[in-house]
Amino acid sequence: LRHAMGETMTDDQPPEKVKLYVYDLSHGMAKMFAHAFVGKAVEGIWHTGIVVYGKEFYWGGELQEDLPGKTPYGAPVKIVELGETSIPSFIFDEFLHEMRPRYHLGTYSLLSNNCNNFTNECSLFLTGTGIPNDIVNLPEEALNTPMGQMFKPFILQMEQQYKSQLQSGGHQYNFPLMDNPMRGPSNPTPVRSSLPTQAPSFTPLPSDPIGPFSPLASPSSPTNSVSTPSKPIPTSNRKWITSSSVPFLSNQMAAPVVSKKFAEYHLSATENEVLANVINYLSNPAEEDAEPPVGAYTLFDRILGDISPEKLFGCLYIFRVFILRRRPNENYAKFHDLSLMSTLVECLEAPKATQAMALTVASNFFAWKAGANWMCSHASQIVPKAIKALQTSDPALHSTAAALLYNYSLNLDVNSDSALEATLAINEFLRTAKDPETIFRLLLSLGHFVMRSTDGTLGQLVMASDFDDIVKLCSGHADAKISEVMSELKQIMQ
């Protein structure tokens with residue numbers, strides 16, 4: 001909320017440089033001895049951190065942030081310029097929060113899920129390109145040598161040692177073949193802060209068994225209340241993708257910040273009081289099914305109706321959480337039809353940060369049956385905007401648009417022009433998509449559209465559009481869940 005309400009990057013600000021700080025965990029020992037042990041020259045045993053927004057983000061037992069070059073790993077041996085990003089910092093915060101369930105002590109693997117896999121995902125999200133292949137692919141290349149296969153059990157033992165060190169509070173790895181060459185400075189700079197555990201999130205699929213960004217919001221009752229296809233793709237749980245984390249750490253902390261952001265809306269004393277009550281309402285899980293505070297609808301109606309779309313980011317940020325509650329969701333779907341939809345469509349043409357929030361609001365309406373039906377009744381207005389977001393170069397818009405199209409794929413009339421338009425657009429975008437989570441969501445969307453097209457029309461259109469190209473790109477993907485869904489989609493198409 002701190003980022004979203006007061007410290008976000010606006011469209012008129014220059015892009016942020018993205019850098020990769022590279023550290024050699026062996027302190028030069030790998031370069032001297034690796035050939036003897038694995039039969040292959042290795043320049044270093046790399047640890048990396050992604051540097052952007054004036055901070056260095058890295059994985060050391062848990063996701064961490066620090067001043068660049070001031071982490072416990074000492075000074076970087078090299079710095080790689082990865083490019084630039086126009087993604088606001090608050091969206092990157094949400095992306096990091098979404099990654100937490102996949103990057104913690106229990107999921108660490110020296111061979112397949114390490115600090116370099118983390119920075120590679122960050123780089124893809126921020127710039128559209130990954131980190132250098134010689135860094136991220138080092139474990140695989142080393143293991144592909146005959147000596148590497150012999151040393152695999154030993155490496156797995158090293159992995160357990162590393163996990164034990166992290167669990168006991170350490171952040172540095174002692175290379176077991178040497179006399180503690182990883183000792184580093186006797187008083188390493190302490191990690192200044194862990195990434196916030198309550199960051200807002202454009203959450204990943206609720207089907208992910210370990211969560212996502214496990215801020216995933218998929219309220220059990222609303223999810224079960226919406227009709228779903230009778231022949232689902234096995235790996236998908238067919239739950240709506242919503243952004244559900246409550247962005248208020250505490251009422252006392254949030255109220256002043258929210259009020260400051262809402263100041264540009266020129267709230268009256270009464271409206272400020274209503275806003276404080278709304279914050280308390282959204283911060284209290286016990287009120288999940290309660291009516292919102294008196295005046296809440298009037299407040300949102302006034303702001304959404306009177307304020308120009310480019311200034312609605314702050315309001316939409318809170319409104320997206322408001323409509324995850326059943327009563328507000330149903331109320332807006334039934335009684336605020338045309339005015340709210342008109343505002344939402346206008347916001348989808350606003351600056352990128354506002355577009356992202358508007359797409360999230362649209363996705364969150366699917367949390368309850370009334371909202372899902374309402375969004376489907378206006379698909380001809382919203383789906384083209386989601387497709388347009390896919391056609392931009394902004395990864396954050398890709399992610400939110402993919403979430404919305406996935407929600408549509410579960411309930412939209414597959415014989416409608418909107419379903420046809422969405423299917424063809426997804427099929428086209430998948431040829432160039434790079435972000436794994438976006439690819440995963442879109443593959444599921446494609447699968448549901450095709451499965452629910454009982455006359456086979458959508459499947460035939462996909463096959464006629466060089467579907468084999470998508471098969472080649474996604475089969476054997478490094479992300480196992482993408483490969484799995486692709487395999488199932490191939491079976492469906494057959």
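This is a predicted model: local features need pLDDT of at least 70, side-chain atom pairs count only at pLDDT 80 or more; totals for chains, interfaces and linings use all residues.
**Close-up views of a helix and selected salt bridges**

View 1. The buried residues of α19 are Ser418, Ala419, Ala422, Thr423, Ala425, Ile426, Asn427 and Phe429. The elements that cover these buried residues of α19 include α17 (379–390) and α18 (395–411), together with α20, α21 (457–463) and α22 (467–474).

**View 2. The salt bridge between Lys481 and Glu437.** Lys481 and Glu437 form a salt bridge in which the closest N and O atoms are 2.9 Å apart. Glu437 is buried, its relative accessible area being 11%. Both residues also take part in a network of salt bridges that links Glu98, Glu437, Arg441 and Lys481.

**View 3. The salt bridge between Lys55 and Glu65.** A salt bridge joins Lys55 to Glu65, and the closest N and O atoms of this pair are 3.2 Å apart. Because Lys55 lies in strand β3 (residues 55–59) and Glu65 in strand β4 (residues 63–66), the pair ties together parts of the chain that are 10 residues apart in sequence. The two partners fall into separate classes of accessibility, for Lys55 is partly exposed, with a relative accessible area of 23%, whereas Glu65 is buried, with a relative accessible area of 11%.

**View 4. The salt bridge between Glu81 and Lys19.** Glu81 pairs with Lys19 in a salt bridge whose closest N and O atoms are 3.9 Å apart, a separation that falls within the 4 Å cut-off. This pair connects distant parts of the chain, with Glu81 in strand β5 (residues 78–85) and Lys19 in strand β1 (residues 16–24), 62 residues apart. Glu81 is exposed, at a relative accessible area of 53%, while Lys19, at 26% relative accessibility, counts as partly exposed.

**View 5. Salt bridges across the whole structure.** Side chains of opposite charge can pair when their charged atoms come close. A search of the whole structure finds 17 salt bridges, and the pairs shown in the views above include Lys481 with Glu437, Lys55 with Glu65 and Glu81 with Lys19.

Note on methods. Residues are numbered from 1 along each chain as its sequence is written. Side-chain values use heavy atoms; hydrogens and water are left out. A salt bridge is a side-chain nitrogen of Lys or Arg within 4 Å of a carboxyl oxygen of Asp or Glu. Helices (H or I, at least four residues) and strands (E, at least two) are DSSP runs, numbered from the N terminus. Buried means under 20% relative accessible area, exposed over 50%, partly exposed in between (1.4 Å probe, protein chains only). Contact means heavy atoms within 4.5 Å.
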